[in-house]
Amino acid sequence: MNMRHLLLLLGSLLLGSGPGMADAYRYHLEPLEIAEGVWVFEGVTEDFSRANGGNIVNTAFLITEEGVIVFDTGPSRRYGEQMREAIETVTALPITHVFLSHHHPDHVFGNQAFDAEILHALEGTIRLLAEQGDDFADNLYRTLGDWMRGTEVVLPTQVVTPGRVTIGGRAIELLAMSGHSGADLVLFDHSSGVLLAADMVFYQRAPTTPHSPGIDVWREELRELEALDFRYLVPGHGPVVSDRAPFAQMQDYLAWLDDTLRSSAAAGMTASEVMVLPIPPRFDEIAVARHELMRSVVHLYGAYELEAMALISEGG
Amino acid sequence: MAIRMHAALRRCTWLLALGWLTSLPATAALPEDPFRSPMWEYNLARYLGADAAVRHSDTVVIKTPPFAEDATQVPLTVDLSAFPHEIKEVITWVDLNPVPHLFTLRPEAAEIRTVALNFRIQQASTVRAAVRDEQGGWHVGSVHVEAAGGGCTAPSATASNPDWADSFGQVRGALFSPVGGVTGTRLKVQVMHPMDSGMVGNIPRFNIETLELRQTANQQRLASMALSESASENPLFVFDLEHDAQQSGILLLLRDNGGNLIESRMGI
Ligand SMILES: [Zn+2]
């Protein structure tokens, strides 16, 4: 732990927070087998808080003939360690691969629980995590306090080559996308028909947009994912399903967001006016929609505003 | 639970403060701050003067998100569409910033009922807008913004981009109809400028200090604005303007402390 994190942690302890018992800081991770040899840990559809310790994310593992493939490591060192314990209650096989979907902290901050030599990610993910990881850690220390104790950024050492690969008898397809974070790895297990979509797909929980290259890019890639012949879909956040409902919801929400930002910019609205616009009732079942709309306006609205203005003076 | 208690207490304080205000004429005595900011009285004296007559007003509406997603760019809109008096001056500040002042706006030949500008936030803070009426009394609106912080001491994205000089002083803008059916013109304009706060390493302060809006035809001044270090990089301004001879177009003049004058024309 670096000095900055130690100070943040001391601050959070002085303020008094979180559970104080011996059983404190347990995520109570329950592996759920959704298909033959494919297990999921399902998080809550909330924002980061001291009540949930950052367990707002879905992670998974697949059992092969030779070992275990882990997909994402959760929001903290404690999560990674507890995930590992939970995996050991299911199988004695060694963990041979850890695939990291993207650089967001809730997906990669459990990395310390695993051997860095088996951490695999897209090149862009490794670069983005190296650039932004420490800032993410600072923010999460502030938000989660002692849940984050001992958590440090660990960069993946293995660069993923997209395409088909057989691991321990399982036919795996690795897809490189970018719509959610700029570098998004999706894992499709042809053997079971399980699609681990990570944050390319949110379901019943509003999508987050801080590093999206654009809603249009994201929507196009969602069409590619939807065309895959999957039996089960594991979104990055929200319940596991066996149908295509999350794609309809994502497309509907993202199209609405895109239209709203464009028409608001055309009307000359200010960012704070857009943040409080009504959200259609059909999105009532989507958790934290208002919160994410406010965040998305900060991330995305500026580009729409630029489009709606004319260049008046060249400058330079 | 503790949080809920706190909110209830805060609401009580609000009601007490409102009751007190409505039962007494405005005097030099300052009303209590419903947000209990340690900087309340100090900043009132600093920006409005020691003898200012101050009251809280729910017609001074500050629209910000409750949390700062990006501490260097927090959206702010001051909506005065329900303000029942003439507007002589609007002063905004961020209580706990190193330099709290954001802007001072003085409408002249134009009436301005909405103004927007992003600000930086150094830590969670109360944000204020104070409006002076024709009697000289001040009406204050307040909101609290949560923040992880560091907005004033974060390096500007412009300065870390080697090509920033190419776009320096670039102005984009457009005229719209005001939102909410008000008559007049909404002016939105963005200027590429690093707005360095002088609080990052040894990068000196380099920011736009004044803005003026004039009628193109007769050079009559519509409004002027003074800006401070709390203003964000590449500032985007919005004004809802009501003035005579709206067809004549608007001249925008910006001056920074480096001696640059950025001039641009909008409309006809
Ligand atoms: Zn993500």
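1. B:Glu212 is buried, its relative accessible area being 10% (buried means under 20% relative accessible area, exposed over 50%, and partly exposed in between, with a 1.4 Å probe and protein chains only). The model is predicted, so that local features need pLDDT of at least 70 and side-chain atom pairs count only at pLDDT 80 or more, while totals for chains, interfaces and linings use all residues. Side-chain values use heavy atoms, with hydrogens and water left out.

2. The side chain of B:Glu212 meets that of B:Arg221 in a salt bridge of 3.6 Å, N to O (a side-chain nitrogen of Lys or Arg within 4 Å of a carboxyl oxygen of Asp or Glu). B:Arg221 also forms a salt bridge with B:Glu108, where the closest N and O atoms are 3.0 Å apart. B:Glu108, B:Glu212, B:Arg214, B:Arg221 and B:Arg255 are linked in a network of salt bridges, and the count over all chains comes to 32.

3. In chain A, A:Tyr304 counts as buried because its relative accessibility is 11%. Its side chain is joined to that of A:Asp258 by a polar contact of 2.5 Å (a pair of N or O atoms within 3.5 Å; within protein, one must be able to donate a hydrogen and the other to accept it, and residues adjacent in sequence count only if both atoms are side-chain atoms).

4. A:Arg244, by contrast, counts as partly exposed at 32% relative accessibility. Leaving aside residues up to four places away in sequence, A:Arg244 is in contact (heavy atoms within 4.5 Å) with A:Glu226, A:Leu228, A:Asp229 and A:Phe230.

Methods
Residues are numbered from 1 along each chain as its sequence is written. Chains are lettered from A and ligands numbered from 1 in the order in which they are written.
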